[in-house]
Amino acid sequence: QVQLAESGGGLVQAGGSTRLSCVASGRTFSVYAMGWFRQAPGKEREFVGGIHLSGGNLYYADFVKGRFTISRDNAKNTIYLQMNSLKPEDTAGYYCAAGGVGVKGFEFNYWGQGTQVTVSS
């Protein structure tokens, strides 16, 4: 099993920035990719971005390109989500995910509990 623990977030003003962290523990040798999803009230969970842990390839949803950046620290089994130019519509619970990469893309098997980001206007 792999456990994921997110931290960061909170209340941020529109236009501001914040950084989320996600630490993986347990059978981390089985993890080849990690990513971030978000879910706003009344909406479905949506992909924010992901990273291949070995090659560092990055993928982002169109709505965050140029504003959010994912980075990794493999030695710490940690990924980060730097969120800049935040908008009220970015308000959501943000969830870390871990897993592998299949022929159709990311295959996430493990999920964190989530951390709330609220952007005030």
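This report looks at the overall fold of a predicted model and then at the aromatic rings inside the protein.

**The fold as a whole**

Let's start with the big picture. If you follow the C-alpha trace along its principal axes, the spans are about 40 × 25 × 25 Å.

Of the 121 residues, 42% are buried. Among contacts with a separation of 6 or more, 53% are between residues 24 or more positions apart. The accessible surface comes to about 6400 Å², and carbon and sulfur atoms account for 47% of that area.

**Aromatic pairs**

Now for the rings. Searching the whole structure turns up 7 aromatic pairs. One of them is formed by Phe-37 and Phe-108: the ring centres are 5.7 Å apart and the planes stand at 90°, which is over the 60 degrees needed, so this pair is edge-to-face. The two residues come from distant parts of the chain, with Phe-37 in strand β4 (residues 33-39) and Phe-108 in strand β10 (residues 105-111), 71 residues apart.

Phe-47 and Phe-106 make a tilted pair, with 6.0 Å from centre to centre and 35° between the planes. Here too distant parts of the chain are linked: Phe-47 belongs to strand β5 (residues 46-52) and Phe-106 to strand β10, 59 residues apart.

| Residue | Relative accessibility | Class |
|---|---|---|
| Phe-37 | 13% | buried |
| Phe-108 | 15% | buried |
| Phe-47 | 26% | partly exposed |
| Phe-106 | 22% | partly exposed |

Because buried means under 20% relative accessible area, Phe-37 at 13% falls in that class, and so does Phe-108 at 15%. Phe-106 at 22% counts as partly exposed, as does Phe-47 at 26%.

Which rings does the charged end of Arg-45 sit over? One is the ring of Tyr-95, whose centre is 3.9 Å from that charged end. Another is the ring of Trp-111, with its centre 5.0 Å away from the charged end of Arg-45.

Definitions and conventions
Residues numbered from 1 in each chain as written. Predicted model: local features only at pLDDT ≥ 70, side-chain atom pairs only at ≥ 80, totals over all residues. Heavy atoms only, no water. Phe/Tyr/Trp six-rings, centres within 6.5 Å; stacked < 30°, edge-to-face > 60°. Helix = DSSP H or I, 4+ residues; strand = E, 2+ residues; numbered from the N terminus. Buried < 20%, exposed > 50% of the residue type's maximum accessible area, 1.4 Å probe, protein only. Lys NZ or Arg CZ within 6 Å of the ring centre and 35° of its normal. Contact = heavy atoms within 4.5 Å. Areas by Shrake-Rupley, 256 points an atom, 1.4 Å probe, with all protein chains shown as cover.
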